[in-house]
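Good morning, and thank you for joining.

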Amino acid sequence: MTQTVVKAPFKADHVGSFLRTEPIKEARQAFLDGKLEKDALKAIEDQEIEKLVKKQIDIGLHSITDGEFRRGWWHLDFLAGLEGVELFESEYISHFKGAQTKNNAVKVVGKVGFRQHPMVKHFTFLKEAVDQYGDGSQVAKFSIPSPNMLFTRMQGDEYYNGDTKQLFADTVEAYRKAIKTFYDAGCRYLQLDDTSWIDFVSEERIQAVMEKTGQELQDIIDERVRCINDVISEKPADMVITMHICRGNFKSTYITSGGYDHISDAIFANLEVDGLFLEYDDNRSGNFEPLKSFTQREQTVVLGLVTSKFPELENSDTIKAKIAEASKSIPLENLSLSPQCGFSSTEEGNILTEEEQWNKMKHVISIANDVWKR
């Protein structure tokens with residue numbers, strides 16, 4: 001099927017992950033218990049992803065994901081698939097407010113590279129499903145962690161011995177290869193999920209990252225901007241690459257609070273991504289004042305005004321009023337609407353039902369249709 005060229009992000013969009021269905025949960029547990037073979041697990045994942053694709057199309061979404069159904073973590077699964085990076089059990093203590101994650105982490109054990117990554121096949125399956133069940137107006141969207149996540153969240157380096165410049169260069173090259181590989185597989189909508197920006201939303205975290213790196217604040221921010229811009233500098237013109245920023249999302253909890261004030265110029269004026277997905281679902285995210293730094297007229301800012309953490313539906317008029325307020329700094333045509341994060345950044349998922357999840361997405365679509373008169 002020939003796909004219509006549509007500029008993403010869409011006016012009603014979403015970050016990517018959805019609650020794992022019961023067949024997925026049961027199959028993954030059976031696999032871990034040694035009661036299900038890998039091929040049988042994949043078959044069940046395939047079936048559930050096809051159902052998910054149909055559901056997204058049925059409710060009117062145009063960006064279609066696989067819900068990250070094959071992943072345990074939104075970031076570690078991809079990072080551990082890079083050459084030179086390994087997943088391991090660490091002594092890491094969860095930083096989420098009131099919830100404990102599994103103590104998984106990644107470490108660098110060799111030269112970082114990208115080759116034969118399993119998620120390329122994951123994307124290929126998604127795209128084939130979208131092409132089969134869609135009408136040509138839908139786009140297969142795939143999300144991977146930003147390269148900043150490797151630099152800032154790895155729990156060990158057994159190869160570079162502190163040579164951060166070489167690690168930076170190798171990681172950038174690996175991600176450039178990843179982008180090309182996904183593009184060659186048919187990907188036209190790729191998202192870089194990047195929670196490293198929460199290092200700058202509170203004075204406490206700013207001091208901690210400055211002490212850890214021994215760098216000045218602006219130098220750290222500039223380095224993270226350069227990392228993203230270097231990675232996407234060679235992307236094809238017809239490929240949309242966005243970035244998602246949030247403050248943590250695990251079992252409806254969070255990591256930290258604070259606005260975008262310290263990074264407003266960095267993300268709204270200097271990042272060369274095609275779109276920004278921003279958390280704005282409660283007061284923890286600050287106000288819209290930082291939006292005044294927006295200068296990139298070809299960029300879309302996706303306001304995450306609808307929460308994925310709780311089932312209650314936001315008042316539509318309140319959301320519309322916030323979009324109107326944001327449009328005082330960013331033209332309305334450069335704005336879109338989405339939940340602030342996925343519904344299941346890890347396989348455990350947030351504390352709401354599948355029906356409540358879909359009600360949230362329908363709410364986003366309904367409000368977007370009203371605001372942008374689609």
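**A buried glutamine and its surroundings**

The side chain of Gln-191 forms a polar contact with that of Asp-193, at 2.7 Å; such a contact is a pair of N or O atoms within 3.5 Å, where one must be able to donate a hydrogen and the other to accept it, and residues adjacent in sequence count only if both atoms are side-chain atoms. Please note that this is a predicted model, in which local features need pLDDT of at least 70 and side-chain atom pairs count only at pLDDT 80 or more, while totals for chains, interfaces and linings use all residues. Residues are numbered from 1 along each chain as its sequence is written, and side-chain values use heavy atoms, leaving out hydrogens and water.

Is Gln-191 buried or exposed? Gln-191 is buried, with a relative accessible area of 0%; buried means under 20%, with a 1.4 Å probe and protein chains only. Gln-191 belongs to strand β5, residues 189–193, strands being DSSP runs of E with at least two residues, numbered from the N terminus. Leaving aside neighbours within four places in sequence, its contacts (heavy atoms within 4.5 Å) include Phe-142, Ile-144 and His-244.

Phe-142 and Ile-144 are also among the residues that Phe-182 touches. In the largest nonpolar core, which has 98 residues, Phe-182, Trp-197, Ile-267 and Ile-323 touch the most other members. Such a core is a set of buried Ala, Val, Leu, Ile, Met, Phe, Trp, Tyr and Cys residues joined through side-chain atoms within 4.5 Å. A second, separate core of eight residues includes Phe-10 and Tyr-189.

Note on methods
Buried means under 20% relative accessible area, exposed over 50%, partly exposed in between (1.4 Å probe, protein chains only). Helices (H or I, at least four residues) and strands (E, at least two) are DSSP runs, numbered from the N terminus.
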